[in-house]
Structure formats: C-alpha cells, structure tokens
Amino acid sequence: MTVDTRRATPQDAGAISGIWAIICAERDTTAVNRPFTAQQEADYIAALSEREGVFVAEADGEMVGFQTLDLWAKYTDSFDHVGVVGTFVLPGQRRAGIGQRLAAHTLAFARAHGYEKLVIYVRARNTRAQAFYRSLGFAPKGILERQVKLDGAYDDEVFMELFL
Ligand SMILES: CC(C)(COP(=O)(O)OP(=O)(O)OC[C@H]1O[C@@H](n2cnc3c(N)ncnc32)[C@H](O)[C@@H]1OP(=O)(O)O)[C@@H](O)C(=O)NCCC(=O)NCCS
C-alpha cells in the first residue's frame, strides 16, 4: 500500500465529508455529532488562512484519512503561535501508520509556518486517540468535565499539548 499526504483543496470536500459521515456514526470518538456536508467542508477549506490547512492521506489513490490544523484563535495576535489539530482515519485503515504519516506532514507544515505549540482536545472515553497523541509526544494537561453531551450522555474532554 502506497500512502501519500498532501494539502486538501475545496475539490476534496466530498471525500472528506464521506469520512466525517462514517466517523460521526461511531458516536464514541469525536464530539462532532453531525457530519459536515460537502458544501460546508468546501467553504471551510476555502476560508482557511495560509497558516492553516486540511491535510489528506491517500492509500493507493483513495482518501483514507485527514488531519486539520487551525489557529487556536483569531481575535488576537497573542495566540498566533498556537495551533489546534484533529485527526480522522477510516475505521478499516487504523493502526497502519496513517495517522503518523499525517502528523509528520502537519507538524512539518506547522513548524514552517511559525507555530510553537499544538493543542488537541479528545473525548475522555477515546483512549485510543489519547494513546495516538501521546505517541506523537503530546502531554495530557487537564480534563474538562461533562464538556460533551451527545445523545443525552455526558463525556469529559482531555486537553493535550505538544511543544514543537
Ligand atoms: C486516533 C486515530 C486518528 C489514530 O490514527 P491511526 O492511523 O490509527 O494511528 P497510527 O497507526 O499512525 O498509530 C500511531 C501510534 O499511535 C498509537 N495508537 C494508535 N492507535 C492506537 C490504539 N487504538 N491503541 C493504542 N495505541 C494506539 C500507537 O502508539 C501507534 O503506533 P504503533 O501502531 O506502532 O503501536 C484513529 O484511530 C482515528 O481516526 N480514530 C477515530 C477519530 C478520532 O478519535 N480522532 C481523534 C479526535 S481529535
């Protein structure tokens, strides 16, 4: 299997939306409960600044995952060195190094674009994703209690950070 990573364009929105639909249906991984439509995804990609991006992984030409990099906040310059990441790999393709490949791409992009640290927040019950981020060097920094309420059930969120 040949895996390639690249920056997404609005033309990738349909494939990314398809991955969102599958992962949102899992219910126990992400706090996102409604998959973004292709139009929402295309608008989001088109609106990203030069320092942000969606990075996609393709295995033998088929999209199998993506990773997002957004600025922590845009209302002040004092957070310009902080990025927020999210990672999504199709269920059948997990534990094959795709997340790691995406992270290599995103971290190199982040370093080249002036970020000094990355932050992620992961649902407490999503211990697989926490293990994934720990493997990249992210350290857990705290827990926000009952931060997620999905299908009437609460979950906490774990904040993690990585200095680049
Ligand atoms: C979390 C996720 C992105 C990991 O992607 P992946 O492609 O499976 O990860 P990789 O194969 O690159 O794993 C790299 C390392 O992370 C750790 N890791 C990944 N998945 C793990 C798991 N299920 N259990 C324990 N460790 C895990 C391991 O150290 C692994 O290295 P190893 O396989 O050599 O032991 C993927 O499971 C996923 O998309 N989950 C659903 C969406 C989600 O939870 N996203 C996070 C919300 S921000």
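1. Helices (H or I, at least four residues) and strands (E, at least two) are here DSSP runs, numbered from the N terminus. Counted this way, the protein chain has 4 helices and 7 strands. Their order along the sequence is β-α-α-β-β-β-α-β-α-β-β.

2. Some notes on the source. The model is predicted, so local features need pLDDT of at least 70 and side-chain atom pairs count only at pLDDT 80 or more, while totals for chains, interfaces and linings use all residues. Residue numbers start from 1 along each chain as its sequence is written.

3. Overall dimensions. Along the principal axes, the C-alpha atoms of the protein chain fill a box of roughly 40 × 35 × 30 Å. The radius of gyration, taken over C-alpha atoms, can be set against a globule rule of 2.2 Å times the number of residues to the power 0.38. For 164 residues a compact globule would have a value near 15 Å, and the protein chain agrees because its radius of gyration is 15 Å.

4. Burial and contacts. A residue is called buried if 20 or more other C-beta atoms lie within 10 Å of its own, exposed if 12 or fewer, and partly exposed in between, with C-beta atoms placed from the backbone. By that count, 27% of the 164 residues of the protein chain are buried. Two residues are in contact if their C-beta atoms, placed from the backbone, lie within 7 Å. Of the contacts with a separation of 6 or more, 61% join residues 24 or more positions apart.

5. The nonpolar core. Such a core is a set of buried Ala, Val, Leu, Ile, Met, Phe, Trp, Tyr and Cys residues joined through C-beta atoms within 7 Å. The largest one has 33 residues, and those with the most contacts inside it are Ala8, Ile16, Val54, Phe66, Ile120 and Tyr133. Helix α3 gives the largest share of this core, 5 residues. Leaving aside residues up to four places away in sequence, Phe66 touches Ala8, Ile16, Ile19, Val54, Phe55, Val56, Ala57 and Phe88.

6. Strand pairing. Two strands pair if DSSP finds at least two bridges between them. Strands β2 (residues 53-59) and β3 (residues 62-71) pair in the antiparallel sense over 7 bridges, and Ala59 has Glu62 in β3 as its bridge partner. The two strands form a hairpin with 2 residues between them, and Asp60 in the turn has a positive phi of about 50°. Strand β3 also pairs with β4 in the antiparallel sense, over 7 bridges; here Gln67 stands opposite Thr87 in β4. Strands β4 and β5 run parallel and are joined by 3 bridges, with Gly83 opposite Leu118 in β5.

7. A residue is near a molecule if its C-beta atom, placed from the backbone, lies within 6 Å of it. The ligand is surrounded by 22 residues, of which the closest are Arg94, Gly99, Gln100, Arg128 and Ala131. The elements that give two or more residues to this shell are β4 (82-89), α3 (98-112), β5 (117-123) and α4 (127-136). The largest share, 5 residues, comes from α4. By class, the shell has 10 nonpolar, 9 polar and 3 charged residues. In this scheme Ala, Val, Leu, Ile, Met, Phe, Trp, Tyr, Cys and Pro count as nonpolar, Asp, Glu, Lys and Arg as charged, and the others, Gly among them, as polar.

8. Loop residues with positive phi. Arg95 lies in the loop between β4 and α3. Its phi is near 65°, a positive value in a residue other than glycine. Arg95 counts as exposed because it has 9 C-beta neighbours inside 10 Å. Asp151 is in the loop between β6 (139-150) and β7 (153-163) and has a positive phi of about 55°, although it is not a glycine. With 6 C-beta neighbours inside 10 Å, Asp151 therefore counts as exposed.

9. Asn33. What places Asn33 among the exposed residues? Asn33 has 12 C-beta neighbours inside 10 Å, so it counts as exposed. Asn33 is located in the loop between α1 (13-24) and α2 (38-47). Asn33 and Lys149 are 116 residues apart in sequence, but their C-alpha atoms are 9.9 Å apart in space. Not counting residues up to four places away in sequence, Asn33 touches Cys24 and Leu150.
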